[in-house]
Amino acid sequence: MAPTMDKEKRRQLDEMFNALSVVADGAYIYLCDMESDISRWSKSAVDFFGLPGEYMKNAGGIWSEHIHPDDRNLYEELIERIFVGSDNDIDMQYRARSANGDYVSCSAKGIVIRNENNKPIYFGGSINNHGTHKYIDSVTGLRSLYGFFEDLREVFNKEEESVIALIGLSDFSRYNDVYGYSFGNRMLHNIAVILKKKFGDSGTVYRMDGPKFAVITHGIPKDEVVEIYEDIQLDGGSKLYVEDQHVVPSFNAGAVVIDDFTINDKTVYSCLKYVYRESKKKKMGDIVVYDDALTDDNRHKLERLSELRRNITEDYKGFYLYYQPVVDTKTEKLRAAEALIRWKDDRYGVVPPDEFIKVLEQDPIFPQLGKWILRRAMIDGQKLLEKYPKIVINVNLSYTQLEKGGFIEDVLDVLDETEFPPDHLCLEVTERCRLLDIKLLKNIISILKDRGIKIAIDDFGTGYSSIGVLKEIQADTIKVDREVVKDIENQKTDRDTIKFISDLGSSYAAEVCVEGVETIEMRDILRKYKIKSLQGFLYSKPVPLSDFMQLGLK
């Protein structure tokens with residue numbers, strides 16, 4: 001039975017409801033008389049969700065029971081703020097239970113309507129049913145990662161020049177830890193509102209993974225995108241309030257200019273994540289634009305990355321490994337060989353790894369390439385072991401491999417498949433692996449070492465966390481970056497630094513290997529310290545396996 005209400009109020013409610021229905025455009029409409037708390041809802045919503053009727057008393061409470069338990073707290077919090085006057089509008093997404101028991105994704109918008117005395121009289125709006133596909137984020141009401149890729153593909157289909165931006169928070173977990181999960185969700189919702197207001201009709205905003213948002217802009221230049229982002233930074237620092245608590249988040253941002261339609265959406269996303277990380281780690285939150293981040297051959301970089309991705313899916317076409325020897329410091333006998341990835345393409349020729357590895361590492365496809373490198377190195381390693389029974393094969397790891405579930409299983413599977421002895425394998429933790437959670441890194445390394453695999457810390461001396469990582473993990477080898485020793489013949493500070501690192505290695509029972517050894521003079525100086533092995537052009541540049549076999553090393 002429909003709840004009773006004054007006839008005049010019912011007439012006014014119906015007239016307002018009918019007016020909203022004219023512009024519904026397929027959405028469900030709801031309208032609540034805030035004084036009586038009686039609402040009218042679209043019949044199609046009543047039928048689809050199994051609601052008591054078109055007219056309901058306490059519709060907010062009834063509707064709350066249909067919302068997924070994981071989304072319910074935020075919904076109830078927002079509705080309460082509407083009715084106590086703290087907020088004037090709502091814009092969110094949640095999952096709601098249909099009459100047959102299935103949950104569907106819905107996006108809801110609503111606004112408080114006031115009379116001439118500014119008294120709230122109605123709360124009404126629309127609910128869009130997006131079905132079971134998760135194209136709408138439940139916390140912010142924005143289109144999700146799925147929707148982002150769908151719309152990005154449409155940009156390519158229509159060949160619309162655009163600037164794509166990725167904006168996120170670097171300290172979001174701190175707010176979750178201090179104030180709780182609900183506070184964090186509300187914070188993301190408020191930031192979504194700021195982003196939508198700042199970009200307005202000039203961009204569509206999306207909720208990505210974690211505390212990150214993306215924007216696909218519409219017809220504005222990159223300089224304007226940069227200005228909008230700088231405004232967002234200012235507003236986030238001075239105008240963001242959550243539950244009456246003033247919060248000052250730290251933003252990071254990267255952007256990619258799309259004016260080349262021979263590439264694809266996955267390539268753009270890889271570049272976007274690369275410049276976002278550059279903003280976070282190197283630019284203190286300043287926005288980094290892809291075509292400004294890399295200085296040479298900018299116009300073709302996206303094309304090359306797209307071709308790289310395609311070649312990986314085509315049985316690793318054009319990829320191959322080179323090997324560089326590592327020798328004993330005193331005897332100069334061969335101790336190890338480092339496997340180094342190379343890529344050659346008919347169109348681009350040989351592309352230096354510095355031009356594709358850092359960006360390709362951001363791509364979800366990279367762990368697939370990383371496993372191929374491991375397999376190829378172990379297959380080649382079997383041949384090297386026949387000639388050099390004591391040789392160790394060094395393979396660099398990417399942080400995207402380590403953070404991917406199943407990495408340890410991948411390593412062990414390749415060992416079993418190739419029958420390569422694990423005590424002749426050394427996995428090098430590169431500088432960027434230090435970006436991982438240290439507990440995760442320690443756990444992975446502990447399991448690998450239990451299987452007999454050796455671990456090296458690469459690029460030592462170039463990152464702020466080098467010593468911290470050495471303290472946390474039991475490395476077998478420290479590999480000192482060439483930048484540390486390149487002036488060792490002339491600079492006392494370089495000699496002091498290498499003495500400190502060699503002593504440090506001894507303290508942690510780790511051997512020290514120095515890279516970038518190019519002259520006999522460098523070798524002779526390094527022999528004065530606790531250096532176990534050397535690597536560099538003095539002994540050989542990286543070469544194909546067949547050439548490595550002919551180097552004449554002992």
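Helix α3 (residues 59–66) packs against helix α4 (residues 69–83) at an angle of about 165°, and their axes lie 9 Å apart. Because angles over 145 degrees count as roughly antiparallel, α3 is roughly antiparallel to α4. Axes here are lines fitted to C-alpha atoms, for helices over the stretch in contact, and angles run from 0 to 180 degrees between N-to-C directions. Helices are DSSP runs (H or I, at least four residues), numbered from the N terminus.

This is a predicted model: local features need pLDDT of at least 70, side-chain atom pairs count only at pLDDT 80 or more, and totals for chains, interfaces and linings use all residues. Residues are numbered from 1 along each chain as its sequence is written, and side-chain values use heavy atoms, with hydrogens and water left out.

The crossing of α3 and α4 is right-handed, that is, the near helix is turned clockwise from the far one by less than a right angle. From α3, the residues G60, W63, S64 and E65 meet R72, Y75 and E76 of α4. Contact means heavy atoms within 4.5 Å. By class, this contact has two nonpolar, two polar and three charged residues. Ala, Val, Leu, Ile, Met, Phe, Trp, Tyr, Cys and Pro count as nonpolar, Asp, Glu, Lys and Arg as charged, and the others, Gly among them, as polar.

Helix α4 has another partner, helix α7 (residues 181–199). The angle between α4 and α7 is about 65°, with the axes 10 Å apart. Their crossing is right-handed. L74, E77, L78 and R81 of α4 meet S182, N185 and R186 of α7. This contact divides into two nonpolar, two polar and three charged residues.

Next come α5 and α9. Helix α5 (residues 145–158) and helix α9 (residues 265–281) pack at about 120°, with their axes 9 Å apart. The crossing of α5 and α9 is right-handed. On the α5 side, L145, F148, F149, L152, R153 and F156 make the contact; on the α9 side, D265, K266, V268, Y269 and L272 do. Eight of these residues are nonpolar, none is polar and three are charged.

Now the cavities. The model has two cavities of 30 Å³ or more. A cavity is a set of points on a 1 Å grid over the protein atoms alone, where a 1.4 Å probe fits but cannot get out; lining residues have an atom within 4 Å of a point. The second largest cavity has a volume of about 50 Å³, a volume being the space filled by probe spheres set on the points. Its lining is P367, G370, K371, L374, Q401, K404, F407, D410 and V411. α13 gives the most, with four.

Note on methods: Helix = DSSP H or I, 4+ residues; strand = E, 2+ residues; numbered from the N terminus. Parallel < 35°, antiparallel > 145°, perpendicular 65-115°, else oblique. 1 Å grid on protein atoms, 1.4 Å probe; cavity = no way out; pocket = protein on both sides within 12 Å on 5 of 7 lines; lining within 4 Å.
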